[in-house]
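Visitor: I would like to learn how to read a few features of a protein model. Could we go through them one at a time?

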Amino acid sequence: SRRSRFLLVSLFAAGPSREVKNAMYANSRSVILLALLGALHSPIAVGYTCICGAAIDDDYENDGYCDCPECEDETAWTCATCVPGCPTCDNVESTIACAGSSGGDPFTHFGNRSVQYWPPFETRTTLLEVGGMKLDGVVQDRRPDTDNRWFGKFILSSDDVDIVRARVVPGQALLSQEEEEEDDDEAGGVIDTLLVEAKLEGGWQNMTSQSNHLILDGQAALDFETRKGKFGKGRKQALVIKSPHMSVTIESAKAQKFPDEFRQLKYVHLDMKVDGLSKEKAITGVLPQIWGLVPMTPTVEAMLKKPESEAAPNVLV
């Protein structure tokens with residue numbers, strides 16, 4: 001558990017017997033353990049020490065939580081980018097979850113809690129907004145086949161002007177001619193599972209895999225990556241967006257709730273992970289409200305209620 005802060009090792013003053021010492025010396029890799037047994041006579045704390053002197057478990061380094069008062073246990077986060085902030089030195093038990101995400105059909109994850117919510121079909125829903133940067137998501141309407149609400153499109157805008165559009169490829173394209181998959185792979189004919197357009201100096205342009213661009217006069221960066229993991233005739237892909245106010249990763253995802261690959265590919269969709277948010281600007285949107293960072297509006301509260309045509313608990317602990 002993340003709340004188990006210390007691993008205590010109890011050693012006794014008597015030390016090992018002569019027979020044990022001889023056996024340990026026979027194995028060169030046991031010399032360090034022998035030295036510890038002979039020299040230490042009291043419990044010790046094994047872990048990471050914050051600058052202020054507070055100790056935390058070393059497993060908590062780079063785990064997406066600011067455990068130390070200056071967030072020095074994280075390389076990807078600071079107290080400025082970890083939205084809830086940092087704990088005080090005398091309260092390192094109050095770990096701060098920095099990363100949030102939204103995926104599946106859909107669930108949002110923040111800290112150790114997952115909450116399902118039901119955005120409207122085929123409607124731009126503002127998930128995050130900070131410093132003039134806004135990320136909207138659009139849930140695909142796949143009824144009557146399924147009423148699951150997977151995101152099929154994300155739109156990034158700045159001062160209400162669209163600058164990036166990312167959408168998922170139709171799942172049917174990944175299912176066709178699967179027997180030719182290996183040949184296509186070698187020939188470079190793998191299908192993109194994530195289709196990205198960016199508004200650059202010359203207007204809207206399609207981004208190609210393994211490419212990157214600067215937008216907003218160099219204030220934001222786009223990195224389009226192809227990752228490991230086959231999706232039928234395609235591969236898992238991700239768009240990493242970094243800006244001073246908001247950094248997110250959008251990636252293609254299989255519908256893992258199904259046991260068979262046919263439906264996993266048929267309902268391929270997009271997931272989103274928050275990599276950083278600036279606390280210096282006001283944060284709004286559906287996700288910060290669900291996470292409890294800002295007050296919840298009646299509109300967002302209604303999204304937490306499962307439609308009458310569906311039935312299941314919406315909170316997993």
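Guide: Start with the link of C52 and C89, which has 90° about the S-S bond and is right-handed. This is a predicted model.

Visitor: How far apart are the sulfur atoms of C52 and C89?

Guide: They are 2.1 Å apart, and the two residues form a disulfide. A pair counts when the sulfur atoms are within 2.5 Å. By this rule the structure has 4 disulfides.

Visitor: Where in the chain do C52 and C89 sit?

Guide: C52 is in the loop between β3 (48-49) and β4 (55-56), while C89 is in the loop between β5 (65-66) and β6 (96-97). They are 37 residues apart, and the pair links distant parts of the chain.

Visitor: What is the handedness of the link of C66 and C71?

Guide: That link is left-handed, with -70° about the S-S bond. The sulfur atoms of C66 and C71 are 1.9 Å apart, and both residues are buried.

Visitor: Which residue does a disulfide join to C79?

Guide: C79 is joined to C86, with 2.0 Å from S to S. The link of C79 and C86 is left-handed, with -110° about the S-S bond. C79 counts as partly exposed because its relative accessibility is 23%, and C86 counts as partly exposed at 23%.

Visitor: Now a single residue. In which strand is S101 found?

Guide: S101 belongs to strand β7, residues 100-103. With a relative accessible area of 18%, S101 is buried. Leaving out residues up to four places away in sequence, S101 touches F107, T108, H109, M272, K273, V274 and W291.

Visitor: How many residues does the largest nonpolar core have?

Guide: That core has 48 residues. Those with the most contacts inside it are L128, L135, L239, M246, I250 and M272. Apart from it lies another core, of 7 residues, among them A54, I56, C68 and V92.

Visitor: Which residues is L135 in contact with, leaving aside its neighbours within four places in sequence?

Guide: The contacts of L135 include L128, F154, M246, I250 and M272.

Visitor: What describes a pair of aromatic rings?

Guide: Such a pair is described by the distance of the centres and the angle of the planes. The structure holds 5 aromatic pairs. One of them is W150 with F258, 6.3 Å centre to centre and with 55° between the planes, and this pair is tilted.

Visitor: Where are W150 and F258 in the chain?

Guide: W150 is in the loop between β11 (133-139) and β12 (151-158), and F258 is in the loop between β20 (246-253) and α5 (261-266). They are 108 residues apart. W150 counts as buried because its relative accessibility is 2%, and F258 counts as buried at 13%.

Visitor: What kind of aromatic pair do F151 and F154 form?

Guide: Their pair is tilted, with 5.2 Å centre to centre and 35° between the planes. F151 is buried at 0% relative accessibility, and F154 is buried at 1%.

Visitor: Which residues form one aromatic cluster?

Guide: W150, F258 and Y267 form one. A ring can also have a charge over its face: R165 lies over the face of W204, at 3.8 Å from the ring centre.

How values were computed: Residues are numbered from 1 along each chain as its sequence is written. This is a predicted model: local features need pLDDT of at least 70, side-chain atom pairs count only at pLDDT 80 or more; totals for chains, interfaces and linings use all residues. Side-chain values use heavy atoms; hydrogens and water are left out. Helices (H or I, at least four residues) and strands (E, at least two) are DSSP runs, numbered from the N terminus. Buried means under 20% relative accessible area, exposed over 50%, partly exposed in between (1.4 Å probe, protein chains only). Contact means heavy atoms within 4.5 Å. A nonpolar core is a set of buried Ala, Val, Leu, Ile, Met, Phe, Trp, Tyr and Cys residues joined through side-chain atoms within 4.5 Å. Rings of Phe, Tyr and Trp (its six-membered ring) pair if their centres lie within 6.5 Å; planes under 30 degrees apart count as stacked, over 60 as edge-to-face and the rest as tilted. A charge sits over a ring if NZ of Lys or CZ of Arg is within 6 Å of the ring centre and within 35 degrees of the ring normal.
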